[in-house]
Amino acid sequence: MKKGIDFDDYLREQLRDPAVREVYDRESNKLEIAVVISQAREAAGLTQRALASKAGIPQVTVARVERGDNTSIETLGKIANALGKHIKLSLI
């Protein structure tokens, strides 16, 4: 019987490669922003369309941010303001 590969072990091994680490970190940051925005919007009881209207941006922009696509600090600021939130940036 073949033993399965533990994902955490596999990931640790892959992340030893600097190129893989760079892509992983970049995508992780985008995903974190997407999750935070999506959760804040849902906690506020807003649809993407309603948030976009309050923020003065197109609904497709909110969808892109929640998908993890790149966005500007200016757009994130508009979304945060529309949610009654502030952006806190931390480099750790």
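I took helices as DSSP runs of H or I with at least four residues, numbered from the N terminus. The model is predicted, so I read local features only at pLDDT of at least 70 and side-chain atom pairs only at pLDDT 80 or more, while totals for chains, interfaces and linings use all residues. Residues are numbered from 1 along each chain as its sequence is written, and side-chain values use heavy atoms, with hydrogens and water left out.

The side chains of K30 and E27 form a salt bridge, with N to O at 3.2 Å. I counted as a salt bridge a side-chain nitrogen of Lys or Arg within 4 Å of a carboxyl oxygen of Asp or Glu. E27 is partly exposed at 38% relative accessibility; buried means under 20% relative accessible area, exposed over 50%, and partly exposed in between (1.4 Å probe, protein chains only).

**Other salt bridges**

In helix α5, I found E74 and K78 four residues apart, about one turn of the helix, and their side chains meet in a salt bridge at 3.7 Å, N to O. E74 is exposed, with a relative accessible area of 55%, whereas K78 is partly exposed at 33%. I note the general rule that an α-helix has 3.6 residues a turn, so residues three or four places apart point the same way.

I next examined R41 and E66, whose closest N and O atoms are 2.5 Å apart in a salt bridge. R41 belongs to helix α2 and E66 to helix α4, so this pair ties together parts that are 25 residues apart in sequence. Both R41 and E66 are buried. I also recorded a network of salt bridges linking R41, E42 and E66.

**Nonpolar core**

I listed the largest nonpolar core as twelve residues: I37, L46, L51, A52, A55, I57, V62, V65, L76, I79, A82 and L83. Such a core is a set of buried Ala, Val, Leu, Ile, Met, Phe, Trp, Tyr and Cys residues joined through side-chain atoms within 4.5 Å. Helices α3 (48-55), α4 (59-67) and α5 (73-82) each supply at least two residues of this core.

For V62, I checked contacts (heavy atoms within 4.5 Å). Leaving aside residues up to four places away in sequence, V62 touches R41, Q48, L51, A52 and I57.

Which residues of α3 are buried? I found L51, A52 and A55. They cover an arc of only 100 degrees around the axis, which puts them on the same side of α3; the arc is that of the directions from the helix axis to the C-beta atoms. R49, S53 and K54 are exposed on the other side of α3. I noted α2, α4 and α5 among what covers the buried residues of α3. After α3 comes G56, with a positive phi near 70 degrees.
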